[in-house]
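Please view the sequence and the structure below, then follow the sections in order.

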Amino acid sequence: MKGAEGAIRTPITLFTLNTLEDLNQFGKGADSDIGGLSTANLTLEERPEINQPIGKEATGVFWGDMRLKVKPGMEGRIRGGYAGIRSKNRRTLFGMQVEDASAHEFLALRLRIAGDPATHNSYYVNIQTDGAFNTDLWQHRLFFRKKNNTWEDVFIPFDNFVRTNAGELSQHQMPMHRERIKNIGISILGANSGVEGKYELGLDSIKLLNEEDVTYAPPGTYSTVF
């Protein structure tokens, strides 16, 4: 039984973002879809100087323009300042495919922050579960130690995610249904902080880890710089 328990706790890679096929696992959207001016793109970054530090030939890059204003005639009707990507729903013969993270303590993302420095503190990780309330998102802000185009691993404890609904913090918090994770996404919410500018976030992988696989940075942080 010990051997079986150890196998469950081993790291699990949910997504890599190193090929066009990898990127096709994600959808993208922005407030421009409903009358805003922000844009969202998800493309491959193939410059050796960017990818060689982590030994990859290509990585994903989520980029665009963050704008708070909206198109003429849409003022007061919608709120600008949003862009995001999200893993697509995956269906099988037996229904919706979900991920079981109940045996893991951390969501681990290998990321590279770039773009306008004003946008660096406006990113969030979003998790949607296959639960009773489809509008619920479990959310956590992304914090970066390095802001100079350097790859780093960011480790977020699942227990630190908070429940939101329709973009607002839910008054009633509850544990995440980690055994039925349906989607994982990253958003940039300029409207929350009043930030505009060109944003850029490099993405290499999204994994599930446990404490023994986390490499800690200095006390009080959960990131490792390469």
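## Leucine 107 and the nonpolar cores

Leaving out residues up to four places away in sequence, Leu107 touches Leu14, Val125, Ile127, Val154, Phe155, Ile156, Phe158, Phe161, Ile184, Ile206, Lys207 and Leu208; contact means heavy atoms within 4.5 Å. A second, separate core of five residues includes Phe106, Phe155, Leu209 and Val214. A nonpolar core is a set of buried Ala, Val, Leu, Ile, Met, Phe, Trp, Tyr and Cys residues joined through side-chain atoms within 4.5 Å.

The largest nonpolar core has 37 residues, of which Phe62, Leu107 and Tyr123 touch the most other members. Strand 15 supplies the largest share of this core, five residues.

## Basis of the model

The model is predicted: local features need pLDDT of at least 70 and side-chain atom pairs count only at pLDDT 80 or more, whereas totals for chains, interfaces and linings use all residues. Residues are numbered from 1 along each chain as its sequence is written, and side-chain values use heavy atoms, with hydrogens and water left out.

## The chain as a whole

The protein chain contains four helices and 16 strands. Helices (H or I, at least four residues) and strands (E, at least two) are DSSP runs, numbered from the N terminus. Among contacts in the chain with a separation of 6 or more, 76% are between residues 24 or more positions apart.

Of the 226 residues, 47% count as buried. Buried means under 20% relative accessible area, exposed over 50%, and partly exposed in between (1.4 Å probe, protein chains only). The accessible surface of the chain is about 11800 Å², and carbon and sulfur atoms hold 52% of that surface. Accessible areas come from the Shrake-Rupley method with a 1.4 Å probe; for residues, only the protein chains shown count as cover.

## Salt bridges

Side chains of opposite charge can pair when their charged atoms come close. The structure holds twelve salt bridges, each a side-chain nitrogen of Lys or Arg within 4 Å of a carboxyl oxygen of Asp or Glu. One of them pairs Asp65 with Lys198, with the closest N and O atoms 3.0 Å apart. Asp65 belongs to strand 4 (residues 59-66) and Lys198 to strand 15 (residues 197-209), so this pair ties together parts that are 133 residues apart in sequence. Lys198 is exposed, at 54% relative accessible area.

Arg110 and Asp153 also form a salt bridge, at 3.0 Å from N to O. Arg110 is in strand 8 (residues 106-115) and Asp153 in strand 11 (residues 151-157), and the pair links distant parts of the chain, 43 residues apart. Arg110 is buried, at 17% relative accessible area, and Asp153 is buried, at 15%. A further salt bridge joins Arg180 and Asp130 (2.6 Å, N to O). Arg180 is partly exposed, at 34%, and Asp130 is partly exposed, at 27%. Salt bridges that share partners join Lys56, Arg110, Asp153 and Asp204 into one network.

## Serine 87

Ser87 lies in strand 5 (residues 83-87) and is buried, at 1% relative accessibility. Apart from neighbours within four places in sequence, Ser87 is in contact with Phe15, Gln25, Phe26, Lys182, Asn183 and Ile184.

Two of these residues can be described further. Ser87 and Asn183 are 96 residues apart in sequence, yet their C-alpha atoms are 5.3 Å apart in space. A polar atom of the Ser87 side chain lies 2.9 Å from the backbone nitrogen of Ile184.

How values were computed. Polar contact = N/O pair within 3.5 Å; in protein donor to acceptor, adjacent residues only side chain to side chain.
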